[in-house]
Amino acid sequence: MRVSKNFNHLRDKKVLITAGPTREHWDPVRFLSNASSGQMGMALAVEAARFGAEVTLILGPTPGSTPRRRKNLRIVRVMGALEMDEKVQEHLPGTQVFVGAAAVADYRPGVVHRQKIKDKPAVVSLKLVRNPDIIAKVAQRGPDRPSVVLGFALETQDVMENAADKLKNKGLDWIVANRETNMGAPEGSATLISRWGERIPIGHMTKERLAKQIWKALLDRPAL
C-alpha cells in the first residue's frame, strides 16, 4: 500500500492520546462506567507511532489487550477521570497533537466508601459531582495549546448537530461524530467535522483503517 507523504508530518511530533473508559468508584467493587473498549484510541496511537510520532497513550481500564510497547509509544494506565486529567496535564507540555478519544465519565460519586457497602435498602440515592472537562481544558489552554486538538462525539440522536455544537463549545479543531453502535465494536463509521467547516464522511471499516483515515484528514491540513 502506498503511504501518503503527509504522514511524514508526524515524525518526531509529540502526540498525546486518551482512550478507553473511566471507572468512577462508589466503593472498592462498584463503579460507574461505560462500554468503551478503547480500540479507537489505541488504533490512533499505534498509527501515529508507526509514522514516527512520540506518542503517549493515557489508557483507562480496557478489557482487552493493549498495543505492543515500542520505543516511541508510551502507555500510562489510569482508572478514573481525576487521574486521567492529572496525567494529561503532566504529559501535555510540548504536545503538538492532542486526541481526546477516551469516553470519560461526566460524573463521579460524591462520596467514595473505603469498604464494600453492606446495607441493601430498597432504594439508594447516589449524589454525583461533575468531572473535569479534560479536552476543553486542553483546547482552551492558551498560548501553549497543542496545534491540533481532536475530540469525539458519541451521539444517539442529531449526531451532526450535537457534534458540531461540541466542536464549537469546547474550542476544538476537529471532532469525530459517530453513533453509540461504534462503542465497544471492532468496526465503525464516522464523520470528521473541522472548525473550518469541512465534513468528511468515513464509511464502515475496522477501527485500524478508521484511524488511518482520521490521521490522513488531519495531516492534509498544514496545521503541524
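Okay, let's start at Asn178, which sits in strand E10, the stretch covering residues 174–179. Keep in mind that this is a predicted model. Is Asn178 buried or exposed? Its relative accessibility is 9%, so Asn178 counts as buried, the cut-off being under 20%. Its side chain makes a polar contact with the side chain of Asn182, at 3.3 Å. And if you skip residues up to four places away in sequence, Asn178 still touches Phe152, Ala153, Leu154, Glu155, Val159, Ser189 and Ala190.

Staying on that strand, let's talk rings. How many aromatic pairs does the count come to? The count comes to one. The partners are Trp174 and Trp196, with ring centres 5.9 Å apart and planes at 65 degrees, so we call the pair edge-to-face. For that label, the angle has to be over 60 degrees. What I like here is where the two come from: Trp174 is in strand E10, while Trp196 is in the loop between strand E11 (187–194) and strand E12 (199–206), so to speak a link between distant parts of the chain, 22 residues apart. Trp174 is buried, at 2% relative accessible area, whereas Trp196 is partly exposed, at 35%.

There's another ring to look at, Tyr107. The charged end of Arg130 sits over that ring, 5.3 Å from its centre.

Now over to helix H5, residues 207–219. It has 13 residues, and at 1.5 Å a residue they should span 18 Å; the end C-alpha atoms are 18 Å apart, so that agrees. Which residues of H5 are buried? They are Lys207, Leu210, Ala211, Lys212, Ile214, Trp215, Ala217, Leu218 and Leu219. Two of those names come back when we turn to the largest nonpolar core, which has 37 residues: Ile214 and Trp215 touch the most other members. Apart from that core lies another one, of 22 residues, with Ile58, Ile134, Ile135 and Ala177 among them.

Last stop, Gly20. You'll find Gly20 in the loop between strand E1 (14–19) and strand E2 (24–27). Gly20 has 1% relative accessibility, so this residue counts as buried too. What does Gly20 contact, leaving aside neighbours within four places in sequence? The list is Ser36, Gly38, Leu59, Thr62, Ala102 and Ala103.

Definitions and conventions. Residues numbered from 1 in each chain as written. Predicted model: local features only at pLDDT ≥ 70, side-chain atom pairs only at ≥ 80, totals over all residues. Heavy atoms only, no water. Core = buried A, V, L, I, M, F, W, Y, C linked by side-chain atoms within 4.5 Å. Buried < 20%, exposed > 50% of the residue type's maximum accessible area, 1.4 Å probe, protein only. Helix = DSSP H or I, 4+ residues; strand = E, 2+ residues; numbered from the N terminus. Polar contact = N/O pair within 3.5 Å; in protein donor to acceptor, adjacent residues only side chain to side chain. Contact = heavy atoms within 4.5 Å. Phe/Tyr/Trp six-rings, centres within 6.5 Å; stacked < 30°, edge-to-face > 60°. Lys NZ or Arg CZ within 6 Å of the ring centre and 35° of its normal. Expected span 1.5 Å × (residues − 1).
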